[in-house]
Amino acid sequence: MDHTCELIRQAKEGNKEARSRLVEENVGLVWSVVRRFQGRGYENEDLFQIGSIGLLKCIDHFDLSREVKFSTYAIPLIVGEIRRFLRDDGMVKVSRSLKEAYCKIRKESEQYQKEYHREPTIDEISATLHMDQTDVLMALESGQEVASLHQVIYQGDGDEIYLEDKIEQQNDEMESALNRMYIHQLMETLNPAEKLLIQMRYFENKTQAAVAEKLGISQVQVSRLEKKILEKMRK
């Protein structure tokens with residue numbers, strides 16, 4: 001990862017050789033995604049060229065300050081680039097295996113939320129269903145329906161609301177998945193005491209007073225610790 005980060009840093013500074021090396025060293029990511037889009041009426045080489053655009057976008061926009069794996073950030077961008085190409089060409093078809101995986105993930109997520117009152121992370125879904133994280137992300141992406149921006153989603157009293165009126169209010173499911181993975185990785189950088197405090201405050205929604213009672217310290221101490229931990233996570 002240090003090697004990749006150094007190449008990204010150099011590429012962002014305009015080093016074309018570093019940029020080319022990054023592409024060469026990560027073409028496997030593009031091919032791994034391309035193989036999941038076989039049978040759509042296009043040659044693999046054509047899809048590879050489209051997917052490579054997503055890889056280049058990842059290189060340009062990857063945030064070195066985040067402790068996120070390059071591949072974790074790159075795959076959704078590669079997937080998105082190919083899906084946009086297929087969608088715009090009217091070729092979006094979802095394989096049966098992806099549909100089945102998406103249904104399993106939805107069922108597992110619903111069950112998890114009922115039991116733990118929060119959404120599961122990609123890691124948790126991957127572990128429970130014995131699926132690769134890449135396959136989980138692909139299945140989630142496949143579950144997004146393609147619809148016309150002019151589709152009427154509400155009608156009443158003579159007024160119509162179109163999908164394009166609401167599109168900005170909708171969360172990008174892939175981005176949300178990445179954010180959850182990122183937060184999970186950040187939590188792993190904390191020591192047990194810090195992790196427990198953040199877990200209670202932000203995942204269990206406990207008040208500072210409740211956390212103070214649980215930890216046997218004052219509310220003022222909880223407030224100071226919380227501020228310190230959040231600052232550590234931001235850095």
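**Helix packing and burial in a predicted chain**

Modeller: The protein chain has 13 helices and 2 strands, where helices (H or I, at least four residues) and strands (E, at least two) are DSSP runs numbered from the N terminus. This is a predicted model, in which local features need pLDDT of at least 70 and side-chain atom pairs count only at pLDDT 80 or more, while totals for chains, interfaces and linings use all residues. Residues are numbered from 1 along each chain as its sequence is written, and side-chain values use heavy atoms, with hydrogens and water left out.

Biologist: Why are helix 3 and helix 4 called oblique to each other?

Modeller: The axes of helix 3 (residues 27-34) and helix 4 (residues 44-61) cross at roughly 125 degrees and come within 9 Å. Angles under 35 degrees count as roughly parallel, over 145 as roughly antiparallel, 65 to 115 as roughly perpendicular and the rest as oblique, and therefore this pair is oblique.

Biologist: Which residues of helix 3 and helix 4 make the contact?

Modeller: With contact meaning heavy atoms within 4.5 Å, helix 3 contributes Val27, Val30, Trp31 and Val34, and helix 4 contributes Asn44, Glu45, Leu47, Phe48, Gly51, Ser52 and Leu55.

Biologist: What makes Ala101 count as buried or exposed?

Modeller: Ala101, which lies in helix 6 (residues 96-116), has a relative accessible area of 12%. Buried means under 20%, exposed over 50% and partly exposed in between, with a 1.4 Å probe and protein chains only, so Ala101 is buried.

Biologist: With which residues is Ala101 in contact, leaving aside its neighbours within four places in sequence?

Modeller: Those residues are Met131 and Ala139; Ala139 is 38 residues from Ala101 in sequence, yet their C-alpha atoms are 6.0 Å apart.

Definitions and conventions
Axes fitted to C-alpha atoms, helices over the stretch in contact; angles between N-to-C directions.
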